[in-house]
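Open the model in your viewer and keep the selection tool at hand. This tour goes from stop to stop, saying what to select and what is there.

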Amino acid sequence: MSSAPCPSLLVLVAMASAASGQLSPTFYLTSCPSALFIIQTAVQAAVNSEPRMGASLVRLHFHDCFVDGCDGSVLLADTGSFVGEQGAAPNAGSIRGMNVIDNIKTQVEAACTQTVSCADILAVAARDSVVALGGPSWTVPLGRRDSTTASAALANSDLPGPGSSRSQLEAAFLKKNLNTVDMVALSGAHTIGKAQCSNFRTRIYGGATNINTAFATSLKANCPQSGGNGNLANLDTTTPNTFDNAYYTNLLSQKGLLHSDQVLFNNDTTDNTVRNFASNAAAFSSAFTTAMIKMGNIAPLTGTQGQIRLSCSKVNS
Ligand code: HEM
């Protein structure tokens, strides 16, 4: 048997790499072979001690990628002379998991210094979080580099809000080259994690007709009409710590927590996609993993662009 690689396989790998904008799943194969194992082990430990952390890490990757590409910009903390994205409206008092990423980065630096970017750690941690919560796996293209800047203004303009209409959501995703099916599939990440009362209050207190009455009533107990802004509710009330397709079955019975969830099933063009994902878990898994790879490929810095940060929360000095 010959050990020479099959030429057509090489062509396929090269094509796949070109299609994902120079990112490659084998990017750290020789430069940091232990990186993926370190990340996976740390994510599993974090999720074991708090399942919600898996959700927070998935969201962190989304909030990184939608703001000037997947470049680790969301991780840059404010300093006296620098204002980053963490204080922007969609992030302030809401994004979590930066400490887990810092901890992973410390371990990865100890194994291979200044080799693995924070942006790549976010992408892999998102995948490992989904898997740790029982969801599908996928191969993560790698080779992103880290930004030296961040933009609070872009975080405010490009991250969709929970009051968005379906057409606003479609436009926000299209701006990132993600189509409507990608948008519906990625919203399925709301099968895990929690939201604060301030983000769904209007919907449960008469602000919506497309909400299950008993569901609205049950939420009011922990989300008063005034006060309790930070009180939490599960985005998926049926299986909050399992990455499954229950998000979509909830939508069928008007039990979407956020307005921006329920607009995906509201007598409109996305209804059939929601029905399909609700009845066909494999179809959801396939669309979700495809869309996560597409999202992870939004405007990465590659080659000699940007830098490999030594610490994810600050630019190298
Ligand atoms: C479609 C547009 C989207 C809107 C309007 C939206 C909005 C929100 C809001 C308001 C929260 C609750 C934040 C809080 O109360 O602190 C949330 C949580 C979350 N979002 Fe989204 N989101 C969207 C899409 C996505 C996407 C594409 C992903 C990932 C692929 C995602 C993953 C998550 C996760 C996992 C949580 C829970 C986080 C936690 O518990 O820490 N979301 N989202």
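Helices here are DSSP runs of at least four residues, numbered from the N terminus. Bear in mind that the model is predicted.

**Stop 1: Thr289**

Select Thr289, which sits in helix H14, residues 281-296. Is Thr289 buried or exposed? Its relative accessibility is 12%, so Thr289 counts as buried. Now show its neighbours. Leaving out residues up to four places away in sequence, Thr289 touches Pro136, Ser137 and Trp138.

**Stop 2: the aromatic cluster**

Keep Trp138 selected. Trp138 belongs to one aromatic cluster with Phe243, Tyr247, Tyr248, Phe277, Phe284 and Phe288.

**Stop 3: Phe62 and Phe66**

The structure holds 12 aromatic pairs. For another of them, select Phe62 and Phe66. How are the planes of Phe62 and Phe66 set? They lie at 70 degrees, with ring centres 4.8 Å apart, so this pair is edge-to-face. Phe62 has a relative accessible area of 18% and is buried. Phe66, at 0% relative accessibility, is buried as well. The cut-off for buried is under 20%.

**Stop 4: the iron**

Select the iron atom of the ligand. Which protein residue is its donor? His190 is the single donor from the protein, through NE2, at 2.1 Å.

**Stop 5: salt bridges**

How many salt bridges does the structure hold? There are nine.

Start with Asp128 and Arg127. They form a salt bridge, and the closest N and O atoms are 2.7 Å apart. Asp128 is buried, at 8% relative accessibility. Arg127 is buried too, with a relative accessible area of 12%.

Move to Lys175 and Asp158. Their side chains meet in a salt bridge, 2.8 Å from N to O. Lys175 lies in the loop between helix H7 (166-174) and helix H8 (180-187), and Asp158 lies in helix H6 (residues 152-158), so the pair ties together parts that are 17 residues apart in sequence. Colour this pair by accessibility. Lys175 counts as exposed at 55%, whereas Asp158 counts as buried at 4%.

Now select Arg166 and Asp268. This salt bridge has its closest N and O atoms 3.2 Å apart. The pair links distant parts of the chain, with Arg166 in helix H7 and Asp268 in the loop between helix H12 (259-262) and helix H13 (271-279), 102 residues apart. Arg166 is buried, with a relative accessible area of 15%. Asp268 is partly exposed, with 35%.

Salt bridges that share partners join Asp158, Lys175 and Lys176 into one network.

Note on methods:
Residues are numbered from 1 along each chain as its sequence is written. This is a predicted model: local features need pLDDT of at least 70, side-chain atom pairs count only at pLDDT 80 or more; totals for chains, interfaces and linings use all residues. Side-chain values use heavy atoms; hydrogens and water are left out. A salt bridge is a side-chain nitrogen of Lys or Arg within 4 Å of a carboxyl oxygen of Asp or Glu. Buried means under 20% relative accessible area, exposed over 50%, partly exposed in between (1.4 Å probe, protein chains only). Helices (H or I, at least four residues) and strands (E, at least two) are DSSP runs, numbered from the N terminus. Donors are N, O and S atoms within 2.8 Å of the metal (3.2 Å for Na, K and Ca); water is not among the atoms, so sites may look incomplete. Contact means heavy atoms within 4.5 Å. Rings of Phe, Tyr and Trp (its six-membered ring) pair if their centres lie within 6.5 Å; planes under 30 degrees apart count as stacked, over 60 as edge-to-face and the rest as tilted.
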